[in-house]
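Please open the model in the viewer and keep the sequence panel beside it. The stops below proceed by selection.

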Amino acid sequence: GVFNDVMCAGKESTFEFIQNVLDEVLKLFPSDYIHIGGDECPKTRWKECPLCQERIKEEGLSDEHHLQSYFIQRVEKYLNKKGRKLIGWDEILEGGLAPNAAVMSWRGEDGGIAAAKQSHYVVMTPGSHCYLDHYQGKPESEPLAIGGFTPLEKIYSYEPVPAVLSESEKAFILGAQGNVWTEYMPDASHVEYMVYPRAAALAEVVWSPKAKRDYTNFFERLKHQLVRYDVYKVNYSKSALNK
C-alpha cells in the first residue's frame, strides 16, 4: 500500500543515502536510463516536518509539490553527473519536471501527454491497458488478482501515441511497457500465467505500425505461438484466449 512515512527531504543524509544506493545500481546496470520511482509519495510528513519546511523556505519553494520536484531534480543532477538519465513515474511532473527527465505515464495518458508537450521523452503504461497483473478472464474462474480487467484484445487495441499530440510531439513517445506487480503472484509460474500470452499482444502493439495491426489476424497467428509456449513449458493463460 501507500504509506505516509517517506524519506525526509530536509535531511542531507537522505540524499547521501540515495547517492550511495545509486552508486551501487550504476555498477550493476549499464543502461542510459535509471528508474528512480518517484510515485505515490504523500506529502503528510513533509507538511509536519520542521526540516522539510525549512528546506522549502531555504530553496524558495512554494509548497510540498515543489519540494518533490526539488528532490527529484537533485537526484537527476547526480545521475546526469554520472553520465546517466533519469526516468520516473508521472508523479514526478508535480511541482515541475526535472530538466532532462523521462516520464512513465501510468495514471492514464495525461501525464505522458503533458511531458511530451514539454519535450520530454515518455513511455506510455496506463493502468487501463498495460497492467498485466489485472484479471484477464472472468474473476470467478481466475486466481486472485489485484483487480481490474484487461483481456488480450483490450491490450492489442492500445495505441501508445496519443492522437492529440502534434507530429513533433509524437516523436517524444518512446513506446509502451507492460507492468507486472507481484503482490498476488507467489511464484514464477504464476507470473508467467499473468504475462503470457498478453505480452505477445503488447509486443505487437509497440513493434508494429498502427496501420498493419489486425486483431483477427494476430489471434490466428497466436495459435502458432502457443505451440512454442508449450515446447518451452511456459505456463500461459488459456482464459485469455476466449474471444
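Begin with helix α4 and select its buried residues, which pack against α1, β1 (33–35), α2 (44–48), α3 (50–58) and β2 (85–89). Packing here rests on contacts, meaning heavy atoms within 4.5 Å. Helices (H or I, at least four residues) and strands (E, at least two) are DSSP runs, numbered from the N terminus.

This is a predicted model, in which local features need pLDDT of at least 70, side-chain atom pairs count only at pLDDT 80 or more, and totals for chains, interfaces and linings use all residues. Residues are numbered from 1 along each chain as its sequence is written, and side-chain values use heavy atoms, with hydrogens and water left out.

**Helix α4**

Which residues of α4 are buried? They are Glu64, Leu67, Gln68, Ser69, Tyr70, Phe71, Ile72, Val75, Glu76, Tyr78 and Leu79. Buried means under 20% relative accessible area, exposed over 50%, and partly exposed in between (1.4 Å probe, protein chains only).

At the N-terminal end of α4, display aspartate 63, which caps the helix: one of its side-chain oxygens lies 3.1 Å from the backbone nitrogen of histidine 65. Just after α4, select glycine 83, where phi is positive, at about 80 degrees.

**Helix α9**

Move to α9 (residues 198–207) and select glutamate 204. Is this residue buried or exposed? Glutamate 204 counts as buried because its relative accessibility is 14%. Leaving aside residues up to four places away in sequence, glutamate 204 touches Tyr156, Arg213, Phe218 and Arg221.

Valine 21 is found in α1 (residues 12–28). With 35% relative accessibility, valine 21 counts as partly exposed.

**The whole chain**

Of the 243 residues, 44% are buried. Among contacts with a separation of 6 or more, 61% join residues 24 or more positions apart. The accessible surface of the chain is about 13300 Å², with 54% belonging to carbon and sulfur atoms; areas come from the Shrake-Rupley method with a 1.4 Å probe, and for residues only the protein chains shown count as cover.

How values were computed. Polar contact = N/O pair within 3.5 Å; in protein donor to acceptor, adjacent residues only side chain to side chain.
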